[in-house]
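Q: I would like to learn how to read a structure like this one. Could we go through it feature by feature?

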Amino acid sequence: MLKLKELRQEKGLYQKDIAQILHKTITCICDWERGRTEPNLQDLTQIADYFQVSTDYLLGRSDDIGLVEINSELTQDQKELLSLYNQMSFQDKNQ
C-alpha cells in the first residue's frame, strides 16, 4: 500500500482525514501505509474510488493511474457534480 501515503499527501490529507473518510482508526491507516497490514477488498475499493485510481495502481501493480476520462459532452455543472460525487464516502454514495 505504498501508493496510499503518496496519494494522501498529494491531496494534502492527514492520516486522520483518511481514517475519518473510511471510518477506520488512525492506527489502521498507519499500518496500511507501513505495510504492516493490508486493507480488505471493500476498503481497497473505497480507497481507489476516493482517489479515483485503479486498484492495481493503488497496490503498486501498475503505473497507469487508471483515471476515467470525463466525457467532453458533459456540461461544467455535470462535471462538478461528478467530481463531488467521487469525493463522497462509499456509504454516502450508496445512500
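A: The side chains of aspartate 56 and arginine 61 form a salt bridge, 3.3 Å from N to O. A salt bridge here is a side-chain nitrogen of Lys or Arg within 4 Å of a carboxyl oxygen of Asp or Glu. This is a predicted model: local features need pLDDT of at least 70, side-chain atom pairs count only at pLDDT 80 or more, and totals for chains, interfaces and linings use all residues. Residues are numbered from 1 along each chain as its sequence is written, and side-chain values use heavy atoms, with hydrogens and water left out.

Q: How many salt bridges does the structure hold?
A: Side chains of opposite charge can pair when their charged atoms come close. The structure holds four salt bridges. One of them joins glutamate 33 and arginine 8, at 2.6 Å from N to O. That pair links distant parts of the chain: glutamate 33 sits in helix H3 and arginine 8 in helix H1, 25 residues apart. Both glutamate 33 and arginine 8 are buried.

Q: Which residue forms a salt bridge with arginine 36?
A: Aspartate 31 does, with the closest N and O atoms 3.1 Å apart. Arginine 36 is exposed, because its relative accessibility is 54%. Aspartate 31 has a relative accessible area of 16%, so aspartate 31 is buried.

Q: What about lysine 3, which has no salt bridge?
A: For charge, Lys and Arg count as positive and Asp and Glu as negative; His and the chain ends are not counted. Lysine 3 is in helix H1. Lysine 3 is buried, and the nearest side chain of opposite charge, glutamate 6, is 4.1 Å away. Contact means heavy atoms within 4.5 Å. Leaving aside neighbours within four places in sequence, lysine 3 contacts Tyr57, Leu58 and Gly60.

Q: How many helices and strands does the protein have?
A: Helices (H or I, at least four residues) and strands (E, at least two) are DSSP runs, numbered from the N terminus. The protein has seven helices and zero strands. Among contacts between residues at least 6 apart in sequence, 47% join residues at least 24 apart.

Q: Which residues touch the most other members of the largest nonpolar core?
A: In soluble globular proteins, nonpolar side chains tend to be buried together. A nonpolar core is a set of buried Ala, Val, Leu, Ile, Met, Phe, Trp, Tyr and Cys residues joined through side-chain atoms within 4.5 Å. The largest one has 16 residues, and Ile18, Ile29, Ile47, Phe51, Val53 and Leu58 touch the most other members. Helices H1 (2-10), H2 (15-22), H3 (26-34), H4 (41-51) and H5 (55-58) each supply at least two residues of this core. H4 gives the largest share, five residues. Beyond four places in sequence, isoleucine 18 touches Arg8, Leu13, Ile29, Tyr50 and Phe51.

Q: What share of the residues is buried?
A: Buried residues make up 29% of the 95 residues in the protein.

Q: Where does methionine 88 lie?
A: Methionine 88 lies in the loop between helix H6 (76-87) and helix H7 (90-94). Methionine 88 counts as partly exposed because its relative accessibility is 32%.

Conventions. Buried means under 20% relative accessible area, exposed over 50%, partly exposed in between (1.4 Å probe, protein chains only).
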